[in-house]
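Subject: Structure for your review

Dear colleague,

I am handing over the structure below, and my notes on what was found in it follow directly after.

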Amino acid sequence: MLELKHIEKYYNQGTVNEMCLFEDFNLTIHQGEFVSVVGSNGSGKTSLLNLICGSIPLDGGRILINNKDITKMPEFKRQRIIGRVYQNPAMGTCPNMTILENMAIADTKGKSFNLKKGTDRQRIGHYRELLSSLGLGLEDKLEVKVGVLSGGQRQAMALLMSTMTPIEFLILDEHTAALDPKTAETIMELTDKIVKEKKLTTIMVTHNLRYAVEYGNRLIMMHQGHCIIDKSGEEKAATKVEDLLEQFNEISIECGN
Amino acid sequence: MSIILGVINEGFIYALMALGVYITYSILDFPDLSVDSTFPMGAAVTATLILAGVPPFLTLFLAFAAGALAGTVTGLIHVKLKVRDLLSGIIVMTGLYSINLAITGNKANLPIFSQDTIFENPFIDGLPSAVSEYSTVLILFLIVLVVKVLLDLYLQTRSGYLLRAAGDNEALVTALAKDKGTVKILGLALANGLTALSGAVYCQQKGFFEISIGTGTMVMGLASVIIGTRVFARFGKLKATTAVILGTIVYKACVAMAMAAGLQTLYLKLITALLFLIILVISERKRRR
């Protein structure tokens with residue numbers, strides 16, 4: 001369970017450009033939930049993910065994971081139980097290392113990075129199996145550097161690598177936004193499969209309203225640092241893209257756009 | 001013949017340093033200027049210790065340790081105090097000048113001609129003259145080979161993978177639940193350890209320590225790394241470390257040729273800098289094509 005309590009976050013504090021993003025923001029995400037988060041630019045979606053992961057500091061409030069306060073825990077330590085896939089496919093892999101080396105380094109997460117061999121030969125069969133599940137033929141290119149792969153292939157690897165070792169939370173930061181529609185579809189299906197298989201608690205920020213409606217079991221729409229829609233269960237299942245669009249239009253009118 | 005041998009000797013000595021620069025510049029993407037002072041630091045440590053009666057071979061390890069410590073300081077300044085990479089190196093480089101003098105007991109020049117070194121000792125003297133003629137280059141070759149193999153092996157370990165990842169994609173290091181700062185510090189320690197080792201070997205081979213021998217070390221190292229990784233790496237399956245060693249020898253040969261063309265020694269550093277500029281411009285042009 002992930003709890004955000006009374007979160008406060010300001011930007012440019014102490015200057016004339018001071019902007020309050022979150023003020024007394026509260027959110028609880030339960031074990032096994034797959035939350036889709038939508039909202040216009042600047043509504044606080046990515047900031048929310050960054051606060052959870054510890055990438056940006058908090059100005060007030062507390063963050064708890066399974067009742068343990070992680071507010072002061074540095075970003076890298078939180079990653080022990082968090083897997084994150086970014087919008088930019090290059091963020092999740094090492095371009096100058098081979099596919100095999102990338103798989104091996106991801107597999108070492110949670111273990112000691114000591115002087116043992118970086119690639120355990122006995123695990124190669126397992127890596128091949130995982131890669132072939134992507135259906136991209138990467139299992140036959142183990143010695144190829146990841147830098148020469150396409151964005152979609154890299155994103156598929158990033159997804160695989162971030163969920164290879166046991167984690168509790170999967171954070172998806174518009175992870176299909178930089179891909180072509182066909183590849184985006186493939187990555188989204190793959191995401192759903194992995195989330196279900198590993199029973200991961202997932203938070204997915206997306207601009208694709210159809211994905212938000214089709215996937216996951218909870219839907220949140222954010223606006224100016226607040227959750228203006230929060231539906232789960234049957235209510236979420238009954239939500240249509242049109243409903244979200246309507247809400248978007250209302251917000252826009254309100255803002256004067 | 002003696003010129004060629006001289007070039008190869010120098011190439012091997014500086015190759016140790018170039019391997020260090022390869023770690024910081026190519027792997028970590030960190031322009032580390034502290035090498036300009038860790039090179040003479042290695043020389044200062046080895047000269048002082050040899051004069052104090054410590055076995056010459058052992059001093060090499062101690063020089064490495066001293067360099068690694070200095071590299072750690074550069075890393076700490078950058079990571080913990082959040083000073084920019086180039087400035088962290090400059091701060092350590094400047095400060096070490098005094099430290100190096102303190103090591104030698106405030107002597108800017110410390111000759112060890114009469115002392116035993118790894119190149120000149122009763123064992124080497126006892127060898128048949130056909131061998132002893134080439135003993136220096138053989139010893140240098142051995143040291144470079146051992147360091148290269150060890151570095152290659154290290155880069156294939158889990159820790160080595162993490163080091164490569166830190167230069168390639170910092171975000172991934174964080175994603176692996178590792179502190180990228182610690183990895184950088186480790187890389188800088190290793191690189192400056194190798195540079196100090198290079199300085200120590202230089203000192204034992206030349207027979208003296210001199211405070212200014214480090215000037216231009218980074219430029220020399222970068223030039224060697226760029227020649228190696230951009231020129232030699234094209235030839236098939238050559239390992240990057242091997243390419244860097246070859247790059248150093250080629251660079252030294254270029255400098256030697258320029259000097260042989262009749263330039264005075266006082267222009268050595270100017271040649272060093274100009275050659276680096278030429279290499280940089282050519283390699284950038286090639287990359288853009």
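Ile82(A) stands opposite Phe169(A) in E7(A), strands being DSSP runs of E with at least two residues, helices runs of H or I with at least four, both numbered from the N terminus. This is a predicted model, in which local features need pLDDT of at least 70 and side-chain atom pairs count only at pLDDT 80 or more, while totals for chains, interfaces and linings use all residues. Residues are numbered from 1 along each chain as its sequence is written, and chains are lettered from A and ligands numbered from 1 in the order in which they are written.

Strand E6 (residues 82-85) of chain A runs parallel to E7(A), joined by four bridges, where pairing requires that DSSP finds at least two bridges between two strands. On E7(A), Phe169(A), Ile171(A) and Asp173(A) point one way and Leu170(A) and Leu172(A) the other, all of them buried (20 or more other C-beta atoms within 10 Å of the residue's own, with C-beta atoms placed from the backbone). Because five of the five residues of strand E7 (residues 169-173) of chain A are buried, the strand is largely enclosed by the rest of the structure.

E7(A) also pairs in the parallel sense with strand E8 (residues 201-205) of chain A, over five bridges, and Ile171(A) stands opposite Ile203(A) in E8(A).

**Antiparallel sheet of chain A**

Four strands of chain A form an open sheet in the order E2-E1-E4-E5, with antiparallel pairing; its edge strands, E2 (19-29) and E5 (68-69) of chain A, each pair on one side only.

Kind regards

Definitions and conventions:
Buried ≥ 20, exposed ≤ 12 C-beta atoms within 10 Å, placed from the backbone.
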